[in-house]
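Reader: Hello! I am new to this and would like to learn how to read it step by step. Could you guide me?

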Amino acid sequence: LAAHLHGQRCPPYVINLDPAVHDLPFPANIDIRDTVKYKEVMKQYGLGPNGGIVTSLNLFATRFDQVMKFIEKRQNSSKYVIIDTPGQIEVFTWSASGTIITEALASSFPSVVVYVMDTSRSTNPITFMSNMLYACSILYKTKLPFIVVMNKTDIIDHSFAVEWMQDFETFQDALNQETSYVSNLTRSMSLVLDEFYSSLKVVGVSAVLGTGLDDFFVQLSKAVDEYEREYRPEYERLRKTLENAQNKQKREQLEHLWKDMGSVCVQGNTLAGSDDASAMGPSELILTRGTLDEEEERESDTDDIDHEVTEESHEEPAFRNFMQETRMKYQRRSNPNE
């Protein structure tokens with residue numbers, strides 16, 4: 001894909017989200033391996049391969065808002081953004097980080113899921129059905145336009161798979177050669193997936209030869225139109241619902257704040273007994289609170305000083321003599337020599 005777009009002088013913006021890949025066969029603008037060290041994550045958390053990939057993605061997803069900013073900056077210069085996800089379906093599709101990344105992209109940009117399957121390894125009808133079940137689960141999990149890309153058509157043509165999807169009887173004939181219990185289950189599942197096949201976009205390509213990519217981009221443009229027509233209004237509705245809920249929560253918090261401010265003002269006015277303060281509303285008290293507090297603090301400090309001086313100046317002589325004698329007795333007890 002990247003080479004094809006570069007050849008058409010339409011360079012894509014490429015993002016690699018697979019932290020465990022050894023060699024990346026294409027230049028990536030953003031590479032998760034530059035941010036998260038997969039082997040170190042496995043060592044520090046005592047994880048296996050899949051657990052290490054999931055944890056690395058979780059760590060990277062906490063900073064995905066920065067990735068979104070990079071994508072937004074490149075909107076004018078790059079028509080396509082290619083995001084290569086980990087091949088393990090349970091690692092990305094059914095993880096929290098995969099959901100966060102997918103929804104973040106789908107809520108801002110026309111997003112299309114491309115499911116790449118190995119055609120040469122799907123000649124067995126049971127293996128083919130397993131691939132289709134995976135594709136179906138991803139489609140209903142992501143709720144986005146979906147394209148099945150049957151890769152390696154240079155080894156075997158994908159026409160047999162398309163025929164299995166379009167003609168139920170042909171697929172049943174292929175299954176008749178299998179006598180296991182799984183074949184019976186596959187036969188039942190093929191009836192269930194008939195509706196899924198009817199709306200599925202399928203393209204055969206060869207990553208080695210580059211054949212079929214023109215057909216892929218034709219299907220991609222159709223998928224983008226589908227996104228704009230069916231999926232974007234739904235995301236806009238969800239965004240508005242979320243904004244309305246957040247605004248409602250803010251209004252409720254402000255109302256509680258005004259009620260609390262009003263009760264505080266009433267209590268303060270009752271204690272102070274000031275007619276001027278009781279005539280003020282909460283907003284006026286907020287504006288004048290700094291001045292009032294400074295005056296109150298100044299007055300209270302002066303009152304305390306005056307009060308201490310007054311108490312000391314009005315002490316009776318007998319009480320003063322009694323305090324001096326008590327101090328003398330205490331000093332004698334603390335010094336046995338005297």
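Reader: In which helix does Leu-185 lie?

Author: Helices (H or I, at least four residues) and strands (E, at least two) are DSSP runs, numbered from the N terminus. Leu-185 belongs to helix α10, residues 181-192. This is a predicted model, where local features need pLDDT of at least 70, side-chain atom pairs count only at pLDDT 80 or more, and totals for chains, interfaces and linings use all residues. Residues are numbered from 1 along each chain as its sequence is written, and side-chain values use heavy atoms, leaving out hydrogens and water.

Reader: Is Leu-185 buried, exposed or partly exposed?

Author: Buried means under 20% relative accessible area, exposed over 50%, and partly exposed in between (1.4 Å probe, protein chains only). Leu-185 has 43%, so it counts as partly exposed.

Reader: What is the strand order in the open sheet of 3 strands?

Author: Two strands pair if DSSP finds at least two bridges between them. Here the order is β2-β1-β3, with parallel pairing. Because β2 (30-31) and β3 (81-84) each have a single partner strand, they stand at the edges, and one side of each lacks a neighbour in the sheet. Strand β1 (residues 13-16) is joined to β2 by 2 bridges, and Ile-15 has Ile-30 as its bridge partner in β2.

Reader: Where is confidence lowest and where is it highest?

Author: pLDDT is the predictor's confidence in each residue, from 0 to 100. Helix α14 (residues 282-313) is lowest at a mean of 41, while strand β5 (residues 146-151) is highest at 96. Where pLDDT is low, the predicted coordinates should not be read in detail.
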